[in-house]
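Please open the model in your viewer and keep the selection panel at hand. The stops below say what to select next and what is there.

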Amino acid sequence: MNTVQIDTGRLNEIGYNSCVASCGSFMVLDHTVMESHCNIEGLVVLPLKQAFDTYPHVREKLFFNVVPRDSSDTTLQAAEKEPVGYYVFVEPGIRIEEPLQAAFLFGETGSHQFIHNIIELGEGAELNIVNGCTTATHGRSGTHIGITETYLGKNAHLGYTMIHNWGHDMEVFPVGAVSVGEGARYISNYVGMTEVRKIVTNPAAYVETGGSARFYSVIFSKGDSYFDTGARVLLKGKDASGEIISRVVSEGGTVISRQLLSGERAGSFGHMECSGLLLNENGVIHSIPELRGAHPDINLAHEAAVGKISREELSYLMTRGLTEEQARALIIRGFLDIKIEGLPDKVQSFMDEIISRSVEGSI
Amino acid sequence: MSFLEITDLHVSVEGKEILKGIDLSLGIGRTAIIFGPNGSGKSTLMGAISGLPGYEITQGSITFKGQDISRLSVDERSRLGIGLSFQYPPAIKGVRLLTLLETLNRQTPEKITEYAQLLNLTAYLDRDINVGFSGGERKRSEVLQLMMQMPDLLLLDEPESGVDIENISVIADGLRIILEKDQPISRRKRSAIIITHTGFILDYIKADIAFVIMNGHVLGCGAPGEIFEEIRRDGYSKCSSCFAEKFCEEYKGAL
C-alpha cells in the first residue's frame, strides 16, 4: 500500500479508517485500487476487473445493465475507460452487521477519475456500505465520474450511505441505479456538507413486488456550490413502496433538488418530503417534486417547503436564554436531523457527527 | 426598589399604542395575578417585560433586580432570570424537546427525568418541540422547560387555557416547585406574574395580589380571590369600584 500519498485526515472525515472494525474495506486513490479487504465468509470484495475474471456473470449480466451504457454522455464517457471500482457480493442468507467501508480519494489535480462499482446481494442477504468520497489536500480540482449498479435479490436488504467531502474545485457526476427484488429493501443516505463546484446525481430505484426503496439526503450548500441532485423511485411491482426525504440548508450556491415517485401497479405506496432552509439571500433552492401514477389503486403524496428560519421560533428559543447563534444552530441541526430506521447505530452516529461539525463550522 | 418595578410604561405594537402608562411593582417571592378583558394589553405587558420582538417601549422603564432592562435583548433578559410561558407556544420541527431541556438544564441530569415524570411528558421527550402536541401538552412542555430554567421571575400567559382540570393540577404542581410555595414567603426567592382569564389557576396557586388592566392602564389592585369574585359577578365594566385601596397600599408598603 502506498502510504505516502494517502491522506488519512481526509479519509477520517468521510468515515474511512482501515483500523476500525468493519466487515471489509476498499479504497481507490485516483485510478488505483490501494486496498481491498474482506474479513467475513460469505462476503466478496474484489476490484471489479478481477471480478470479471473470477465471476463471468458480473461482466456479462451486471456490468452496464441497470445503468445502460448509453444512458447519458457521462456513462458513454465512462464506458470507454477501463473500469476501476469494486464488486461486492453477499451470499444468500448471509446477514452482515458491521458496515463495509469504501473510500474514493482524488489526488491528481486536473485529472478525471472514473469509478465503476457493482453490488450484488443474494436472496435474504443483508449488508451496509459506507462510501466516502474525498479530495486529498493536494488534489484541488478535477472531475469524478462514479457509476454504481446495485442488484438486490429477493428479500435482501442494503443500506448504502454516501458521504461527499470534495474539494471546492471538483466536478462530480455520480450515476446510480438499483434493482430492488421482490420483498427487498434498499436505503440510501446521502450527505453533502462541503463546498463543491458541481455535483450532478439523480439515482433510480426499480422496485419489484413488495419491495421498498428509501432515499434520504441532507445537503448543506455553501459558497458557489452547485448541486443538481435527486432520486427516482419507480414502483414496478404490486405493493411496492418508496420514500424520498430531502433536507437542504443553503448559505450560498444553487441546489436543484429533483424527486420522482412513480406508481405503476396496484398497492403502490409512496411518500416524499422536500424541505429547504435558506439562511441568507446568497443561495437558491429549487425543489422539483414529481408524482406519477399509472394505476388507480395507488397512494402517492408529497410535501415540499422552502423558506427561512422563523423569527417566532428563534425568539421562542431565545426566551429560554439561548443566544441567537445558539438558537439558529439548534434549529438548523434539527432541520438536518433525519433518524433513519434500519441504519446501524454506528453509521447513524457518524452521520450525526459530520452534520453537527458542519453546522457548528458555519454558524 | 422592588424586585420588578414598572414605571409609566408605554408600549406600541405595529405603531399602535397598547400600553398607555403602566405602573406595577412586584416584590421578591411574590405572585401577582393580572386580570383584564380581551385586548386590554395583558399579553403585551408580558411581551414587553420579556423583550419579545414587536413590542416597542416608547416611554417609561422596566427595572428588574435594580437594573433597567428595557433595552436588553430577549436572551439577555432570560439570562438575567426572566422566564416566559407562552400562551401559544410555537412548534419547532426537528428540535427534540429533550435536546432543548439538556441545553437549558443547570441542575443534575436526573432532574429532566424527574420533572418530565411529574408533568406526564416522559413519552414526549424524544418528540420535536410541540409538534403534534395538544393544547394541554404544550402548556405542560412550557412548564417543564421553565423548570430547567428556574427563572427568578416567572411570566405565565394563561397557563391554564386549553388545559383540562386534571392537567391544571399537574401544571400547578410544577409551578409550585419553581415558586418554592412549600417555603414560607420570607424564604421564597422567585416571583411570578400570571395572566388568567378563567381564574382556575387560583385554586391551585396562591397569589398575593391581583391587578386589573383595562385599555392599557392598571385600574387598580386588590386581594386576588375577592377581585376575581367581583369580576365574575359584575364583569369588568363595574370593576372600577372593586379595588381595595388599603390592601394595595399595604402591599406596596411591604415591598
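Contact, as the word is used on this tour, means heavy atoms within 4.5 Å. This is a predicted model, in which local features need pLDDT of at least 70 and side-chain atom pairs count only at pLDDT 80 or more, while totals for chains, interfaces and linings use all residues. Residues are numbered from 1 along each chain as its sequence is written, chains are lettered from A and ligands numbered from 1 in the order in which they are written, and side-chain values use heavy atoms, with hydrogens and water left out.

**A loop in chain A**

Select A:Gly153, which lies in the loop between strand E8 (141-152) and strand E9 (157-165) of chain A; helices (H or I, at least four residues) and strands (E, at least two) are DSSP runs, numbered from the N terminus. Leaving aside neighbours within four places in sequence, A:Gly153 is in contact with A:Leu121, A:Gly122, A:Glu123, A:Gly181 and A:Ala184.

Next select A:Asp228 and A:Arg258, which form a salt bridge with the closest N and O atoms 2.8 Å apart; the term stands for a side-chain nitrogen of Lys or Arg within 4 Å of a carboxyl oxygen of Asp or Glu. A:Asp228 lies in strand E15 (residues 226-235) of chain A and A:Arg258 in strand E17 (residues 253-263) of chain A, so the pair ties together parts that are 30 residues apart in sequence. Over all chains, the structure has 20 salt bridges.

**Where the chains meet**

Now show chain A and chain B together: 27 residues from chain B and 18 residues from chain A take part in the contact. The two chains bury about 1800 Å² between them, 64% of it on carbon and sulfur atoms, where buried area is the accessible area (1.4 Å probe) that two parts lose on being put together, summed over both. Two salt bridges are counted between chain B and chain A, and A:Glu273 forms a salt bridge with B:Lys93, with the closest N and O atoms 3.6 Å apart.

**The largest pocket**

The volume of the largest pocket is about 670 Å³. On a 1 Å grid over the protein atoms alone, a cavity is a set of points where a 1.4 Å probe fits but cannot get out, and a pocket is an open set with protein on both sides within 12 Å along at least five of seven lines; lining residues have an atom within 4 Å of a point. Grid points are joined across faces, edges and corners, and a volume is the space filled by probe spheres set on the points.

How many cavities of 30 Å³ or more are found in the whole structure? The search finds three. For the largest cavity, of about 450 Å³, select A:Tyr160, A:Ser188, A:Tyr190, A:Thr201 and A:Pro203, which lie nearest its centre among 35 lining residues. For the second largest cavity, of about 60 Å³, select lining residues including A:Phe63, A:Lys81, A:Glu82 and A:Ile147. Strand E6 (111-121) of chain A gives the largest share of the lining of the second largest cavity, three residues.
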